[in-house]
Amino acid sequence: HEAMSLAHSPTTKALLEKLKAKDEDERQQAMLIVEEEIKNRDRELPHTQFLEWLTSFTNALRHVILSTTVSPIEKLGCLQAMDVLLKEVTKVVAAKSVVSIIQNTLIDCLSRERDDQLLQVAALAFGSLIRLPLTTVVDTVEMMFSTTLEWIGSSSSHRVQASCLLLAQLALNSPSSFYIHTDTFLRVIWKALQDKDNSCRLAAASALSACLKVITTRGEISRNQHQTWFRFIWDEILKGSESKDNEVIVGSLLALNSLLQNSSYFIQNKHAQAMNIVLTRTKSNSRPVKKSALSLLPALARCDTNAFVKYHLSGVMKELLSHLKKNQGADLYIFPIVGELAL
């Protein structure tokens, strides 16, 4: 059992400590060491012993990630190391057991954690897992659709956020499987887009954008169905934009941004309506609403440049410059908006 002792050797323990470092550079250095360690042990150990070590090391990472006494920053490097393992195990014969440990760890982490950065890193690692050329991944993808649809109805914003981050990864890394679930996704994503937690709303917007990328890459084959989906999104945007609830309004503006970024040709015929929605909300007393609306102006300018320049540019620039003067440049997000419109 040489490999088992190696997994608990000072070198391995020291590596875990490096992975738990609060300094980003130290964690990145530890990632390189993990890659090198896997390659060295794969080369030097008999295959069975190497798999034992790999399993033991993966379990050690799992222990840190799921610990209730380890801080989020200390867990971060171990989650990133799991992503490294996923890239390396594709070269290892009979490493499905390791993949299974990583899969269960990521799901457990996403279901329990409340830290935004950990949730994002765990979701990215799950994206790497989905890309693995293993037959079991197909079942995993279908299972995760069921799981995310269950989570998105949760009363916990962090659970909803995790579901949105996962849905985005499913769309990006398994588009064919995701496409089948588009109807269901578009029905349930609005709850997350209108959540009171901003991180949750942003995660939902990213998931919607990923979904729209899947739709638009399908070409002309299902154009009628795609138009139906775009109209559904547009109707939800219109409905939300008339709400008196600021979170609902922000959710509608985020959805509009997703449409503009991924299917602007649909919005071109509705440019005047979209501009009316946005310009109305630029005068809001709610800072999140105002910021969301102002941030949409460059995308609307690109969507129909002639109409924007002819009817809106002068008034918009005056409003932006007046806002900067009034707040003495405190709202830094306005500077890049002014810069983009000036171009």
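Student: Before we start, what should I know about the numbers?

Tutor: The model is predicted, so to speak with care, local features need pLDDT of at least 70 and side-chain atom pairs count only at pLDDT 80 or more, while totals for chains, interfaces and linings use all residues. Residues are numbered from 1 along each chain as its sequence is written, and side-chain values use heavy atoms, with hydrogens and water left out.

Student: How many helices and strands are there in the protein chain?

Tutor: Helices (H or I, at least four residues) and strands (E, at least two) are DSSP runs, numbered from the N terminus. Here the protein chain has 21 helices and 0 strands. Its C-alpha trace spans about 75 × 50 × 35 Å along the principal axes.

Student: What does "buried" mean?

Tutor: A residue is buried under 20% relative accessible area, exposed over 50%, and partly exposed in between (1.4 Å probe, protein chains only). Of the 343 residues in the protein chain, 53% count as buried.

Student: Is Ser155 buried or exposed?

Tutor: Exposed: Ser155 has a relative accessible area of 81%. You'll find Ser155 in the loop between helix H8 (136–151) and helix H9 (157–173). Its C-alpha atom is 9.9 Å from that of Asp195, 40 residues apart along the chain.

Student: And which residues does Gln227 touch?

Tutor: Contact means heavy atoms within 4.5 Å. Leaving aside residues up to four places away in sequence, Gln227 touches Tyr265 and Phe266. Gln227 is in helix H13 and counts as buried, at 18% relative accessibility.

Student: Now for rings. How do I read an aromatic pair?

Tutor: You describe a pair of aromatic rings by the distance of the centres and the angle of the planes. Rings of Phe, Tyr and Trp (its six-membered ring) pair if their centres lie within 6.5 Å; planes under 30 degrees apart count as stacked, over 60 as edge-to-face and the rest as tilted. That rule gives 7 aromatic pairs here. Take Trp53 and Phe57: they are stacked, with 5.3 Å centre to centre and 5 degrees between the planes.

Student: Where do Trp53 and Phe57 sit in helix H4?

Tutor: They are 4 residues apart in helix H4 (residues 47–65), so about one helical turn separates them. Both Trp53 and Phe57 are buried. Ring pairs also link Phe50, Trp53 and Phe57 into a cluster.

Student: What about Phe230 and Phe266?

Tutor: That pair is tilted, at 5.5 Å centre to centre and 45 degrees between the planes. Phe230 lies in helix H13 (residues 223–241) and Phe266 in helix H15 (residues 264–268), so the pair ties together parts 36 residues apart in sequence. Phe230 is buried at 0% relative accessibility, and Phe266 is buried at 6%.

Student: Which ring does the charged end of Arg218 sit over?

Tutor: A charge sits over a ring if NZ of Lys or CZ of Arg is within 6 Å of the ring centre and within 35 degrees of the ring normal. The charged end of Arg218 sits over the ring of Tyr179, 4.5 Å from its centre.
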